[in-house]
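Please walk me through the side-chain interactions in this structure, in plain terms.

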Amino acid sequence: QVQVVESGGGLVQAGGSLRLSCAASGSIFAINVMGWYRQAPGKQRELVAQITGGGTTNYADSVKGRFTISRDNAKNTAYLQMNSLKAEDTAVYFCAVVGTQWDSRPYSQDPTTWDYWGQGTQVTVSS
């Protein structure tokens, strides 16, 4: 079993920055893909960014150039640095982990293919 815990959400003005953290613990034997999704009210959950164990990253077009995903493999922790935040970035942000070993290719964006999820952290950007 794997536990995933997010932290770092909050309220920020448009143009500001936030850094989210995601700590995975438990039965992790392989270096897995870690990612961030978000879900705004009335909208589907969408992939924001993902990072493989080897460091390959993939971003949604809407956040490219503003968000940066990184990870510390020794700590099984992923981070999402969010800069130049916009009102449309307001959502609950979820960290997700793939429970099987993966190579350097971008992983599926389909949230049903990800194995472990955190409870989510609210990010609110005021305009």
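Asp89 forms a salt bridge with Arg66, their closest N and O atoms being 2.7 Å apart; a salt bridge here is a side-chain nitrogen of Lys or Arg within 4 Å of a carboxyl oxygen of Asp or Glu. The pair links distant parts of the chain, 23 residues apart: Asp89 is in the loop between β8 and β9, and Arg66 in the loop between β6 (57-59) and β7. Strands are DSSP runs (E, at least two residues), numbered from the N terminus. Both Asp89 and Arg66 are buried, a word used for under 20% relative accessible area, with exposed meaning over 50% and partly exposed in between (1.4 Å probe, protein chains only).

The model is predicted: local features need pLDDT of at least 70 and side-chain atom pairs count only at pLDDT 80 or more, while totals for chains, interfaces and linings use all residues. Residues are numbered from 1 along each chain as its sequence is written, and side-chain values use heavy atoms, leaving out hydrogens and water.

Glu46 and Arg38 also form a salt bridge, with 2.7 Å between the closest N and O atoms. Glu46 is partly exposed at 35% relative accessible area, whereas Arg38 is buried at 6%. Arg38, Glu46, Arg66 and Asp89 are linked in a network of salt bridges. The count of salt bridges comes to five.

The largest nonpolar core has 28 residues, and those with the most contacts inside it are Trp36, Val48, Phe67, Leu80, Met82 and Tyr93. Such a core is a set of buried Ala, Val, Leu, Ile, Met, Phe, Trp, Tyr and Cys residues joined through side-chain atoms within 4.5 Å. Elements that give two or more residues to this core include β4 (34-39), β5 (46-51) and β9 (91-97). A second, separate core of seven residues includes Tyr37 and Tyr107.

Tyr107 also belongs to an aromatic cluster with Tyr37, Phe94, Trp102, Trp114 and Trp117. Rings of Phe, Tyr and Trp (its six-membered ring) pair if their centres lie within 6.5 Å; planes under 30 degrees apart count as stacked, over 60 as edge-to-face and the rest as tilted. The whole structure has five aromatic pairs. The ring centres of Trp102 and Tyr107 are 4.9 Å apart and their planes lie at 90°, so this pair is edge-to-face. Tyr107 and Trp114 are also edge-to-face, at 5.4 Å centre to centre and 90° between the planes. Trp114 is buried, with a relative accessible area of 4%, and Trp102 is partly exposed at 29%.

Definitions and conventions:
Helix = DSSP H or I, 4+ residues; strand = E, 2+ residues; numbered from the N terminus.
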